[in-house]
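Hi,

Here is the structure I promised to pass on.

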Amino acid sequence: MILEAMKNSPTTPPSNLLAHKTLIVDDEDKAVAEMVDFLRRRGLKIEGMSDPRSALVAISEDASLGAIVTDLKMAHIDGYRLIEIANERRRKGHFGNIIAITGHATPSDELRAFQCGATHFFQKPLDLRAIAHALMSSS
């Protein structure tokens with residue numbers, strides 16, 4: 001699946017993404033590793049985290065972050081909170097795409113993610129080329 005996705009995804013990230021990192025947050029280490037590997041192969045600067053508490057600090061304090069891909073259902077801090085914090089930075093012009101991902105989606109989850117500030121929503125299993133395309137599009 002990953003090889004197929006790599007063949008069909010955009011290959012050149014826009015210059016604004018080259019200047020900023022994208023943060024991947026999921027409490028499943030394997031999911032983080034797969035997304036990080038795939039997106040780095042697309043030329044993106046990527047940082048992966050499996051602890052949403054560390055991600056909250058990074059989103060709040062790391063000026064080099066410009067986008068986020070976050071799972072919604074995680075222990076300690078859910079992805080909705082991460083989206084809200086990222087959206088605060090986005091409104092100030094310091095953030096781009098905010099992508100919500102989940103394996104347990106309901107229509108209300110999708111609506112809530114967008115209400116919190118998500119720019120895109122994907123359900124697991126993920127289409128990594130669609131995520132790469134979303135990150136490489138303007139927010």
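Predicted model: local features only at pLDDT ≥ 70, side-chain atom pairs only at ≥ 80, totals over all residues.

Residues are numbered from 1 along each chain as its sequence is written, and side-chain values use heavy atoms, leaving out hydrogens and water.

The chain has seven helices and five strands (DSSP runs numbered from the N terminus: H or I of at least four residues, E of at least two). Along the sequence they read α-α-β-α-β-α-β-α-β-α-β-α. Of the 139 residues, 47% are buried (under 20% relative accessible area, 1.4 Å probe, protein chains only).

Now helix H4, residues 52–61: its buried residues are Pro52, Ala55, Ala58 and Ile59. They sit on the same side of H4, because their arc around the axis is only 110 degrees (taken from the directions from the helix axis to the C-beta atoms). Their cover includes strands S1 (21–25), S2 (45–49) and S3 (65–71), plus helix H5 (79–91); contact here means heavy atoms within 4.5 Å.

Then there's the pair H3 (29–41) and H7 (128–136), packed at about 60 degrees with axes 10 Å apart (lines fitted to C-alpha atoms over the stretch in contact, angles running from 0 to 180 degrees between N-to-C directions). On the H3 side, Glu34, Met35, Phe38 and Leu39 meet Leu128, Arg129, Ala132 and Leu135 of H7.

Cheers

Key:
Buried < 20%, exposed > 50% of the residue type's maximum accessible area, 1.4 Å probe, protein only.
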